[in-house]
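Here is a short briefing on one protein chain. Look over the sequence and the model, then read the points below.

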Amino acid sequence: MIDPSPLGRAWLAPRLSLFFALLLFAGQSLQAGPGQHAVASAHPLATEAGEEILAAGGNAFDAAVAITAALGVVEPQGSGLGGGGFFLLHRSDDAHSVMVDAREMAPAAAHPDLYRDADGEVIPGLSLDGPLAAAIPGMPAALEHLATHYGRLSLEESLAPGIRLAEDGFPVDATFLQMAGFRLPALHDGADAARVFLRGGDLPEEGESIAQPDLAATLRQLADRGRAGFYRGEIAQRLVEGVRAAGGIWTLEDLADYELVEREPVVLHYHGARIVSASPPSSGGVAIGQMLNILAAGGDGHGDDEAQRVHLLVEAMRRAYRDRALYLGDPDHVDIPVARLLSGDYASRLRADIDPDRATPSSALPLDADAVPGPEAPAADRESAQTTHFSVMDAAGNRVAATITLNYPFGSGFMPPGTGVLLNNEMDDFAARPGEPNAYGLIGFEANAIHPRRRPLSSMSPTFVETEDRIAVLGTPGGSRIITMVLQGILAILDGADAEEVVRSRRFHHQYLPDEIEYETTALDPRVQVELARRGHTLSPQLSPFGDMQAIIWDRAHDRLEAASDPRGNGSAVVFTPAPGR
């Protein structure tokens, strides 16, 4: 847990004040909610699905089911039944916060050499395209779990908007076409995916409607039979037959044995705020905690000029991503030293190693006592639309931050015949070989090696930020950049930004390897760029924007609920008052 020492800003409260502030948080969380509902998602039709379910008397958890199902229909490049993700929940009645881990699991036949040739070299594309790249999905289990354990409505009621969208179709937009064009070879290789998403092998026209009757039928099976409608029976048989016929290794036992896990989230304290974020197998909460700890260990740079602030943030990012590669993985299979990584003493040691005037080359931070960093990770396409995020809060104060994914755009590109389910390629999130970068340039070692029934490490970071006056719900897609984008969103919230300012703010990123600062072209002014280069940083401007953040802020001091969808994407946000009696 982050050490709330009196270092940093002059207004940082002493420990005793923080203790009473936390007691106040607990009391406030039991009070009445904002009296309005708020939804922010990456697609207007998904936002409408959440709004529909809330207006029908559902709570935030019912809305989460509806939004997830709708996103899987209208944003197939980013999520779906064939994927997984993390749902961060807060139940207002008893102040219960939990992370629902619906991360995909490696099949039982998976092994560390799965994607290597006879010489031990990684075979390009094998962990990205086709059914061998697919882990066992967690999304159907999550939908049933949310409805059964947290919702007010039946699973059938909450899935109804998604089923309707799959049956009636949705108009494709520019983002869909961009991502489909990028993944055209993979979609061509999967006959059923090509039949659904392409027209004679070519991209559809913008605005053309795509219906998915097979997916609607699978959603109906899930609505009627719960998780058994997906992981057992006719749908399971079709999934396994399709995967194995095309060279995959799934079995019926793999599906039947999928385990959803409720985990304690990572809870951090920084400058009087309580921050709740994703725990392993997400690296998000631990990495964010390390970076905030490093900032708190010696002053966070807010009193310095912009170049110094960016320099300090980058050096914190560099060290957290190094530790991500070394230590983080599936907590059910790997002993992760979370307490040590988040200790104040460890942060102080990392902070003492930062030169305030010079960049630390990543090669000077070895990955262990006997090794130096592996090969420079290649520049990767990190488009934000390969994952998605939504935030929701209901009138009672229940809230959900959910980041869900297929991994790469359109996942593996493979759809088992007769299912409508586009499969993920999450196996690429494992370390196919120690030190070998994945599609996002991230490296890993034994902690994230491929093993049967193991969950791959993730960067998805759904997060709550709680202060005395405000509660925020936020998250974003963006591959390896997710963690640093959420970090910058947290800092903006603590600086008093409203929801629109949070989602619009410019972003930069460092992930240890490649050893460079990636930044949106307007994120760093020319003077800051010159100063960072003088300190030894390598700058890499990015023409494509970062992320698609969805944020909700309940400003309790001013009795105001805000919701905002990132202008970089195509999403929408809504705040509305429930009808009397709802």
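Asn407 lies in the loop between β10 and β11 (463–466); helices (H or I, at least four residues) and strands (E, at least two) are DSSP runs, numbered from the N terminus. Residues are numbered from 1 along each chain as its sequence is written, and side-chain values use heavy atoms, with hydrogens and water left out. The model is predicted: local features need pLDDT of at least 70 and side-chain atom pairs count only at pLDDT 80 or more, while totals for chains, interfaces and linings use all residues.

**Backbone exceptions**

- Most residues other than glycine have a negative phi, and most peptide bonds are trans.
- Asn407 is not a glycine, yet its phi is positive, at about 90°.
- Asn407 has a relative accessible area of 5%, so it counts as buried (under 20% relative accessible area; exposed is over 50%, partly exposed in between; 1.4 Å probe, protein chains only).
- His271 also has a positive phi, near 50°.
- The loop between β7 (266–270) and β8 holds His271.
- His271 is buried because its relative accessible area is 10%.
- Pro280 and Pro281 are joined by a cis peptide bond, with omega near 20°.
- Pro281 belongs to the loop between β8 (273–277) and α13 (284–297).
- The bond from Leu513 to Pro514 is cis too, with omega about -5°.
- Pro514 is found in the loop between β13 (508–509) and β14.

**Strand β2 and its partners**

- Is strand β2 enclosed or open? Seven of the eight residues of β2 (residues 84–91) are buried, so the rest of the structure largely encloses this strand.
- β2 pairs antiparallel with strand β10 (residues 399–405) over seven bridges; strands pair if DSSP finds at least two bridges between them.
- Phe87 has Ala402 in β10 as its bridge partner.
- β2 also runs antiparallel to strand β3 (residues 96–102), joined by seven bridges.
- Val98 in β3 stands opposite Leu89.
- The hairpin of β2 and β3 has four residues between the strands, and Ala95 there takes a positive phi near 60°.

**Aromatic rings and charges**

- How many aromatic pairs are there? The count is eight, where rings of Phe, Tyr and Trp (its six-membered ring) pair if their centres lie within 6.5 Å. Planes under 30 degrees apart count as stacked, over 60 as edge-to-face and the rest as tilted.
- Phe61 and Tyr150 make a tilted pair, 5.5 Å centre to centre with 55° between the planes.
- This pair links distant parts of the chain, 89 residues apart: Phe61 is in helix α3 (residues 60–74), and Tyr150 is in the loop between α4 (139–149) and α5 (155–168).
- Phe61 and Tyr150 are both buried.
- One aromatic cluster is formed by Phe170, Phe176, Phe197 and Phe410.
- Arg227 has its charged end over the ring of Tyr231, 4.6 Å from the ring centre. The rule asks for NZ of Lys or CZ of Arg within 6 Å of the ring centre and within 35 degrees of the ring normal.
- Arg481 lies over the face of Phe546, 3.8 Å from the ring centre.

**Around Thr521**

- Thr521 sits in the loop between β14 (517–520) and α19 (526–534).
- Its relative accessibility is 44%, so Thr521 counts as partly exposed.
- Leaving out residues up to four places away in sequence, Thr521 touches Pro541, Gln542 and Leu543 (contact means heavy atoms within 4.5 Å).
- Thr521 and Leu543 are 22 residues apart in sequence, with C-alpha atoms 6.5 Å apart in space.
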